[in-house]
Structure formats: C-alpha cells, structure tokens
Amino acid sequence: MMGQHDYYKVMGLERGATEKEIKMAYRRLARKYHPDLNKESDAEEKFKELGEAYDVLKDPEKRKLYDTYGTASGPGPQVDPSQQHYSHAWTNAAHDFHGAEGFDADLFESLFGGGRGFHQPHRGGADRHGTIHISLEEAFQGVVKQLELPSHDHKGGRQTLRVKVPAGVKTGQKIRLAGKGEPALIAGGEPGDLYITIDVDRHPLFDVVENDIYVTLPVTPWEAALGSTIVVPTLGGKVDLKIPPNSQGGQTLRLKKRGLPGPTPGDQYILLKIVIPHPTTEADKALYQTMAREMPFNPRDNLGG
Amino acid sequence: MSKSTIVMGVLVDDQSSISFFDLCEKQGISEDVLLDMLEHGLIPEVSMPTTHMEFDLSMINRIQSACRLQTDLGINSPGVVLALELMDELEQLHSELRVLQRHVKLV
C-alpha cells in the first residue's frame, strides 16, 4: 500500500512543481492533516502519505529517480521507502495487524507515541500500539475482544489474544497488555507492552458527551402538556420516565447515573421533541379547529408580533 | 497454528503520574522547553508550573501533542498552546453540535 501512491497527487501538485511550491504545499497540508489538529479517522494515514511524498519530492536526487522510475530507490530491488524510514519502530506492516475484530495497527502511535514517546530504548522490546473499535453497548458493559497479532514464536504465525475490555471505557482511553509488545532484542530482556487505544463507534440512538449520554425523545403535544410516563431506552435497559405537565420541546430531563459507569458515573439526558400529528380526517381537522377556537395562544409574543 | 490466551486488559491508569524530569527524559525534550510551554498555559489546570510537579496521563497526552506540533509544524510555544486551546473548543462545539443535529433531524 505504502509507496505506491502518486506523490504529486498526494501533495496536490503538478509534475513540474518548483521546490518552493513543494515546500508550501507540504506546510499547508501538514497543518491540515496533522493528527493532533485533524480528528478525522483518515488524517493519520494522509499525514503519513504526505510525509512520505515530501521526503522524496523535496530532495532533487530522490525526485529525479522518482520521476524516472516511479520510485525513489531507482531501478533494481524495490525498497519501500516507508519501511526504510519507519521500520525501526514498527517492524510489522500495518495490514499484518488486522485482527478478527478489526485491530488496526496504529503506525502513527508507534512513530510518535511510542517511537518518540515512552519506549524503552535499551534492552527491552519495543511497545506495540493499535486501536480497536467497539460499540457503545460494549463500552457500557465491558466486552471480551479477540485480536490476532503476528506471533514471534514461529515464523508467519499468528497469536490470538482474548482481551477483556473493562466497562466504562471511552474513546481515546488506552488498555495496556504487559509483555505483549515486541520481544526483547537480546536474550533475557523484557518484552515490550501492547497498548490498545479504544475507539467507540457512533450509536444509532445515543450521543456521548464525556460520561453523559444524550438521547432525543419524541413526545406528543398532549404528553408534553398533560404530563405522562414514557418508557425510554438507556444503555442499561428500558426505564420509565415521568414527563412533567407543561413540558416544552427542547427541554432536557435527566436520569441520574444512567450514563457511562466509572468513578464518577455519567447521567442520561433526554431532550424532548414535540411532534405534532398530521390531521388526516375531517374529525382530526375539527380537533385542531376546536383547539384554535378554545385555546387562544400566541407563540410569537416574544417576536413583538 | 494459533493458540488462544485470555488476557485481562488493564486500563492505563489516570491516577498514575510521572515527574517533571522523567517526562523530559522520556519525551526527549529540554526542561526549559517544557517549562516554557507550561508557562504559556499548555495545561489549563496548572497555573504555577514548577520543576517539582507531577503529570497524569491526560497531561502527558497533551504535552506529547504539543511536542509533535512543535516539531512537525514548527510552531512556537504560544502558537502550540493557542492551537490546542482552539482544538478543545472545537471538540466541545462538535460534541454539542452532534447532539443538536440529531435532535433536529429526528422524526
């Protein structure tokens, strides 16, 4: 995958671009795709591609080779420049790391989080980093996920790990598996650790804000006006919610401690949305007409109208 | 052949901390650079940074972010702090917007 992109396309440049244009394009795109500034899931990948492209195009020698042969290493045995560049920190190609449950090797982490961060440079093995995606229900309840990692015991083999993800995890939190990183480079050294970053998928009903859960609850005008008890979904199951009389659309109700579990458990917030029925029959229309006549009401008082 | 192992995941502890000097060493940054970033307000809850302070996981993540931005984009300390503050605000607005957009679209 790596090293096969058109470097000019990656940088949005014409093949005849000047050195200055290349530099300016790099600066602009590096800001745009820097994973600390761009939270899109493909930002990391794009930032890496950009670095790879710039590494070649900024160097007149490498660029010439690339223009001639389509690769910066010229004719002869093909060496993937990304591997040359990064492999000290990450010996497994990214695609080797896809597991039964979709474990994405996180190259950026190993480059910048691990490589430049908290790795053990001496005798111990390097730490490995990756990401797993879980559903919000799994985050709420905790889950056992099966991962496949390249094994170091036998050539080309895979090691299956069943990892218990504790309840209440949030996107961005990390799980550490001691001793599951790279083996030590010398005999007797400790292997590195495996760090798994959690990514909680978007839920079809619920939104998460820190520890709290938000859900919109559609109600009828009479439920809002007269009050009522309505069954609402929460991550822990269905709950009876009392809607007080005289409720309005946009009002928020709170179910205490029905959010994500943790040292300070979150709450669930319910946003009321009043939905009016379409009158389909003459009798329906008559009901609205009765209300119009019997319940004079001007919702535009505040507009000065 | 793969053999199956069950491993308990240990959540990287929010409570564990690292000292100022250890952080500088592991992160490969000079003490002056870190102190400078902290004095520019890199970590909002740290008002009086000293070399005796300890950093928890979220602080470490923020410092790593700041170091990457400084190195990769050539931004100075005030610029890095400004960028991260704006990112915080953006993230908060995005999460509020997500809730409200869903609210508006539903039904």
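Tutor: What follows goes through backbone angles first, then one proline, then the cysteines.

This is a predicted model, where local features need pLDDT of at least 70 and side-chain atom pairs count only at pLDDT 80 or more, while totals for chains, interfaces and linings use all residues. Residues are numbered from 1 along each chain as its sequence is written, chains are lettered from A and ligands numbered from 1 in the order in which they are written, and side-chain values use heavy atoms, with hydrogens and water left out.

Start with phi. Most residues other than glycine have a negative phi. Glu210(A) is not a glycine, yet its phi is positive, about 55°. Find Glu210(A) in the loop between strand 7 (207-209) and strand 8 (212-219) of chain A. Strands here are DSSP runs of E, at least two residues; helices are runs of H or I, at least four; both are numbered from the N terminus. Glu210(A) is exposed, at 66% relative accessible area. Exposed means over 50%, buried means under 20%, and partly exposed lies in between (1.4 Å probe, protein chains only).

Now move along chain A. Lys257(A) also is not a glycine, and its phi is positive too, about 60°. Lys257(A) sits in the loop between strand 11 (252-255) and strand 12 (268-274). Its relative accessibility is 60%, so Lys257(A) counts as exposed.

Next, look at helix 4 of chain A, residues 60-69. At its start, a side-chain oxygen of Asp59(A) comes within 2.9 Å of the backbone nitrogen of Glu61(A). Polar contacts are pairs of N or O atoms within 3.5 Å; within protein, one must be able to donate a hydrogen and the other to accept it, and residues adjacent in sequence count only if both atoms are side-chain atoms. Just after this helix comes Gly70(A), with a positive phi of about 80°.

Turn to chain B. Pro44(B) lies in the loop between helix 2 (31-39) and strand 4 (54-56). Pro44(B) is exposed, at 59%. His94(B) is 50 residues from Pro44(B) in sequence, and their C-alpha atoms are 20 Å apart.

Last, the cysteines. A disulfide is a pair of cysteine sulfur atoms within 2.5 Å. By that rule, the count over all chains is zero. Cys24(B) is in no disulfide, and its nearest cysteine sulfur belongs to Cys67(B), 8.6 Å away. That distance is too far for a bond. Cys24(B) is buried, at 5% relative accessibility. Cys67(B) is buried as well, at 6%.
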